[in-house]
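Let's walk through this one together, starting with a pair of helices and ending at a pocket.

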Amino acid sequence: MTAQNSDNGSSADLKSLEHLDEGNEMSRGLTNRHVQFIAIGGTIGTGLFLGSGKSIALTGPSIIFVYIGVGLIMFLLMRAIGEMMYSDPSQHTFINFITRYLGRAWGKFAGWTYWIVLILTGMTEITAVSTYFVTFFGTFGIDLNAWKWLIELCFLVALTGINLIAVKVFGEAEFWFSMIKITLIVGLIVTAIVMLIIGFSYPATHIEGVDGTVSGATVSLTNIADGFQLAPNGWMNFFMSFQMVFFAYQLIEFVGVTVSETQNPRKVLPKAVNELIVRILIFYVGALVAIMAIVPWRNFHQNADGSFGSPFIMVFKYAGLDWAAALVFFVVITAAASALNSLIYSAGRHLYQLAQDSESPAMQRLGEVSDRKVPAKAIIVSGCMILFSPLINAIPGVSGAFVLFASAASAVVIFIYILTMLAHRRYRQSTDFLPDGFVMPAW
């Protein structure tokens, strides 16, 4: 079905999509609840729990405006993707629209590049999972450094298995992963509100993971406004914070990949995309405001080893919760596992699409679905590629080069976003355009 014979998402149109479940097509096993929480999970990454301290240290309270600004740009990107997906919900990935409106060459470049970025990001996430896992159990005096490779293998096999069973099982896993992350953030915000109401004060305290002693303070919104400047640590640090925030939002477009496996896509997609801005304000901005109301922003500084203490650990420690470090690390492990789970899902779907578009018989075999209506072969190949991570990390010289290569490759995603916006512009100029569809505002 193309956008040319669509009519504002009527039930007749949705019924015409039912044939997609037949033969070699994937099933529509994701419900509205799954997609909503997949969107939330895609918005909240490990960067908020561990990287927000560095963001605050870079530019102080103005980091709130950076999150809002970059969030608005990503929201417009999602509206562009959403509009094209709404016009043709049969597409497995937004990359297909680059092929359709900018040409096969650009589509092939974007498809393979995006898949490689997903694999590289998956490698960094599986490394993060094992690192956080070792750190988490290290707080109990258990040394698991020698078993990092086994931890990575077990996590990867478990998450690949979740993706192979059925898309509904993947959706349920992401639902509970997201619930854990949301619970911690809501807990942080509620803790800050209670502290504000009672005028909570705390003395100078030593926080695990932070060098030296952090000065005491009274919880107040004046901690945010006190000495406010747009670039208190210089304009270079202010602009560097944009890079950090962008990578915190990266892969937020993942929700667009779920459309072809979603029940009632034209009903679910607009709601999932429109609520993105609300999630950004509540989960990112709300958490940052809560953190800086409790901990004055000038108290965030780099440790001797170059790291930054987790603001979440600092906040809960001040609240008298001594088990905060273990709690936050558990949630960080969950966030990293959630990101890896989503990356395996997305990489499998993109390789499946690339295989279907390929003229190579060997590649085309990866474009087949299993009896459970999931692209099993593409998922397994993607998972095996991510499995190279433990081998790379075992070689010191290669490991350092890999980190630089993965960071550079991730930056290519910006170019793919630009191609996506150009494809949206061509879509608006084509006969496929649905004036009564999910139209991007102020396009």
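Start with helix H14 (residues 324-357) and helix H16 (residues 376-386), whose axes come within 8 Å and cross at roughly 125°. Helices here are DSSP runs of H or I with at least four residues, numbered from the N terminus; axes are lines fitted to C-alpha atoms over the stretch in contact, with angles from 0 to 180 degrees between N-to-C directions. That angle makes H14 oblique to H16, since oblique is what remains after under 35 degrees (roughly parallel), over 145 (roughly antiparallel) and 65 to 115 (roughly perpendicular).

Who touches whom? Counting heavy atoms within 4.5 Å as contact, H14 brings residues including Leu-340, Ile-344 and Tyr-352, while H16 brings Ile-379, Val-381 and Ile-386, among others. By class, this contact has nine nonpolar, two polar and one charged residues. (Ala, Val, Leu, Ile, Met, Phe, Trp, Tyr, Cys and Pro count as nonpolar, Asp, Glu, Lys and Arg as charged, and the others, Gly among them, as polar.)

A quick word on the source: this is a predicted model, where local features need pLDDT of at least 70, side-chain atom pairs need 80 or more, and totals for linings use all residues. Residues are numbered from 1 along each chain, and side-chain values use heavy atoms, without hydrogens and water.

Now for the second largest pocket, with about 280 Å³ of space. A pocket is an open set of points on a 1 Å grid where a 1.4 Å probe fits, with protein on both sides within 12 Å along at least five of seven lines; lining residues have an atom within 4 Å of a point. The volume is the space filled by probe spheres set on those points, which are joined across faces, edges and corners. Of its 14 lining residues, Val-70, Ile-73, Met-74, Phe-246 and Tyr-417 are the closest to the centre. H4 gives the most to this lining, with six residues, and the lining has no charged residues.

Note on methods: Helices (H or I, at least four residues) and strands (E, at least two) are DSSP runs, numbered from the N terminus.
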